[in-house]
Amino acid sequence: MAGTLDDVPMADSSDGPMEHDRVRESMQSNSSFSSSTGGEQDADDGAYNDNSPWVFLPEPLFVQIFLQLQARDVLNAGQCCKRWHKLSKDDYIWRKYFRKEFNVDASISLKRGAESWRAEYRRLTNNVPMVMTDVLSFHSHQVLHVSFSHNGKMFATCSKDGFVIVWNSAYPSTIRDSYDMRKLSWKYTQFSQFNQSDTLLLVSGVHFGSPHSTSGEIAVFTVQNGFNLKCRVTNRPYDIFGTWFSDQHLLSGDLSWLAHLVSSSILWLNKANQEVDSEHTPVRNQMYKFYNRNASSIRAIMVANCPWLSDETEANREEGKDSGGTEQKSSDEEPGTSGGDRRAGNPLSHYQMNQDVDSDEEQEEGTDDGECQEHRAAEDVPYQLLVGDQADYASPIQYLEEFRQEYEESYYESSDDCLEDDEDDPDEEELSEGEDDLENLCPKYLIFSTGSKTYTPHQIGFKRITSVNFPRRLDPGPSLRERIALRDRQREVQVIMAEMSPEEIRLQYVLQNEEPPMEPNWANYEDVAGRFDKVDKLIDLHGHIIGMGLSPDHRYLYVNSRPWPKNCVIRNPLEPPAIAQEIDIHVIDLMTLKKVGKMLRAHKAYTPNTECFFIFLDVCDNYVASGAEDMHAYLWDRYYGVCLAKYQHADVVNSVAFNPRDNEMLVTTSDDYEIKIWRSVSKAKKLGIPTVNRASEFRKQKNIRPPSQPQQHQHGMRSFV
């Protein structure tokens with residue numbers, strides 16, 4: 001039976017032999033007792049004689065006995081004989097164990113493609129990031145963000161100490177490159193992102209200035225052949241962060257105030273390589289201009305590659321608009337209104353599906369715009385207070401059934417046709433200046449957070465991007481001589497008009513058959529709608545949005561939100577409602593643009609709405625992780641929706657990131673100045689790392705183990721207190 005030991009990796013090696021001996025001795029004693037009253041028994045292979053009572057025990061009774069044991073005991077019992085080994089692998093038993101220990105609802109079926117319930121039990125036991133393998137303490141201030149390269153070989157961290165550091169992800173992690181952004185008058189770094197080819201790194205930060213300054217900047221560094229500054233781009237407000245649009249182009253923002261509480265957000269498409277031979281060669285181009293009201297603005301932009309947004313989908317959408325008159329009317333409404341804007345830019349069939357499920361962004365007609373409508377009970381996932389022994393159990397993600405079906409298909413039949421699967425060539429060359437990576441673009445969604453009732457972001461905006469025209473040459477315009485002559489004429493006209501009365505000025509325009517210039521009424525969106533781009537879709541989450549993350553295939557958007565009180569009334573946009581201390585996670589399907597899941601009261605945040613900051617979350621193929629203000633990061637299984645672990649820090653956990661090539665590696669960053677790297681039990685054993693420093697598991701039944709002896713740790717690792 002030695003060969004079966006490799007098939008049961010869940011048995012703990014520290015007490016496994018003892019358990020094996022105990023079970024085997026118990027069985028041999030029972031077998032010896034039966035053999036003394038009957039025929040002979042071959043003790044070597046565990047076979048029973050025909051009169052042994054174990055022979056006559058029916059399998060259902062064995063199953064019931066096994067269900068009373070813990071999982072490790074069943075695995076150890078399976079080493080006794082062939083019959084018990086076969087019974088110990090019964091999937092009915094492991095389905096019971098799985099659902100009971102991980103608190104999985106009985107209505108959730110086995111994930112498509114999974115080998116068995118036993119294999120899933122083993123995955124959530126051995127292949128979840130659980131062991132702290134590194135503690136990196138090189139930052140001298142709060143660590144705000146972490147991001148991985150697409151090849152998984154390095155990750156970057158940003159901190160309030162002003163540094164951006166690039167690390168090698170291989171164990172033990174070491175510093176690859178670093179740069180002090182305070183040399184560029186930065187106050188601190190706050191966000192970073194690698195481009196698709198992992199040749200460039202985008203770093204976003206905040207400028208020195210007054211405490212309420214919104215001035216920021218984006219810097220691009222080369223990652224290969226030296227860590228060199230390539231370009232700098234202004235970014236206002238700084239919490240737009242910025243993002244890569246393509247491998248050689250990035251998005252930045254600008255904010256312009258138009259009137260009281262009214263502004264415009266302009267998104268710019270910038271070249272990463274801004275070294276040009278001519279002043280007539282453009283390095284950036286305006287992409288969109290959005291209207292902001294009630295002191296809100298565009299924030300936290302990201303780009304999702306959406307291959308399903310094909311020309312055929314566009315044709316179907318136009319056909320749907322032509323067939324129904326009401327949809328066309330809705331697209332002309334003001335962004336942020338609850339009437340018909342939710343339909344604008346979406347296929348008709350998607351809107352019809354949304355009517356049944358996604359009505360969180362709808363409000364009853366005739367109500368005040370400032371009133372937060374109560375969600376329908378049938379549409380909200382019920383939140384039940386945890387009491388007793390469940391008080392420390394984090395809430396699971398409650399999905400709609402259609403999400404699990406779509407998730408299964410998208411997980412095993414990748415819809416990420418636009419994300420290149422680069423095979424990690426470290427010497428991969430960058431695109432040349434003449435090569436245009438904006439041609440034949442995959443359809444995309446521009447995603448951002450914004451607001452309409454108050455200045456705090458409470459809505460998710462979507463804008464479809466199908467093609468981009470970047471000019472190859474700037475129009476030089478009038479010459480210097482012509483511009484000077486035009487300026488002089490304008491000054492002469494201003495002097496003459498200053499001496500005229502308003503009536504005389506009006507008559508002059510009438511005589512010239514011209515309309516007198518009038519200042520636009522910026523406060524009325526209908527009067528100026530033609531000057532701005534329309535948002536295709538707005539989803540109101542009725543709370544302060546503090547984080548967003550895309551799934552690897554860009555199919556699902558996960559959003560951290562701190563909810564407002566129900567039935568709250570916003571009378572002053574500068575005084576947003578109080579926000580809950582708990583963080584909700586919403587799941588949005590980008591194919592249908594409707595919510596397909598929600599997790600209520602999952603993890604904690606304590607800052608008020610005026611001091612609320614971003615809590616970054618990350619999504620990989622199997623898991624979802626997020627930081628929190630309760631000094632922990634949390635991890636959930638994507639399919640089953642259950643919380644599996646929480647990761648300890650000494651202060652707020654600001655950001656988390658999975659290794660995109662290894663879901664069993666997770667990095668967490670915190671205000672305690674530390675970066676912690678967590679690997680699965682399986683990976684830790686392969687690397688020869690002690691598995692003592694573990695995260696807290698969420699298991700209904702935990703095996704009672706003797707306290708581990710203190711061990712000497714390497715690489716400056718710290719033990720939990």
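Start your tour by selecting residues 632-637 and 643-648: these are strand 25 and strand 26, which pair in the antiparallel sense over 5 bridges. Strands here are DSSP runs of E with at least two residues, helices are runs of H or I with at least four, and both are numbered from the N terminus. Two strands count as paired if DSSP finds at least two bridges between them. Click on alanine 633 and look across to strand 26, where tyrosine 647 stands opposite.

Before moving on, a word on what is loaded: this is a predicted model, in which local features need pLDDT of at least 70 and side-chain atom pairs count only at pLDDT 80 or more, while totals for chains, interfaces and linings use all residues. Residues are numbered from 1 along each chain as its sequence is written, and side-chain values use heavy atoms, with hydrogens and water left out.

Residues 136-168 are 0% helix and 58% strand, with end C-alpha atoms 12 Å apart. For residues 646-678 the figures are 0% helix and 70% strand, and the ends lie 11 Å apart.

Go on to strand 12, residues 262-271. Is it enclosed or open to the outside? Because 9 of its 10 residues are buried, strand 12 is largely enclosed by the rest of the structure. Buried means under 20% relative accessible area, exposed over 50%, and partly exposed in between (1.4 Å probe, protein chains only).

Alanine 259 stands opposite valine 262. Strand 12 also pairs with strand 13 (residues 284-292), again in the antiparallel sense, over 8 bridges. Look there for lysine 289, the bridge partner of isoleucine 266.

Time for some side chains. The structure holds 17 salt bridges, each a side-chain nitrogen of Lys or Arg within 4 Å of a carboxyl oxygen of Asp or Glu. Select aspartate 536 and lysine 463, whose closest N and O atoms are 3.9 Å apart in a salt bridge. Aspartate 536 sits in the loop between helix 14 (525-528) and strand 18 (537-540) and lysine 463 in strand 17 (residues 459-465), so the pair ties together parts 73 residues apart in sequence. Both residues are buried.

For another pair, show arginine 506 and glutamate 503, which meet in a salt bridge at 2.6 Å, N to O. They lie in helix 13 (residues 502-511), 3 residues apart, or about one turn of the helix. Arginine 506 is partly exposed at 39% relative accessible area, and glutamate 503 is partly exposed at 41%.

The protein chain has 15 helices and 30 strands, and 53% of its 721 residues count as buried.
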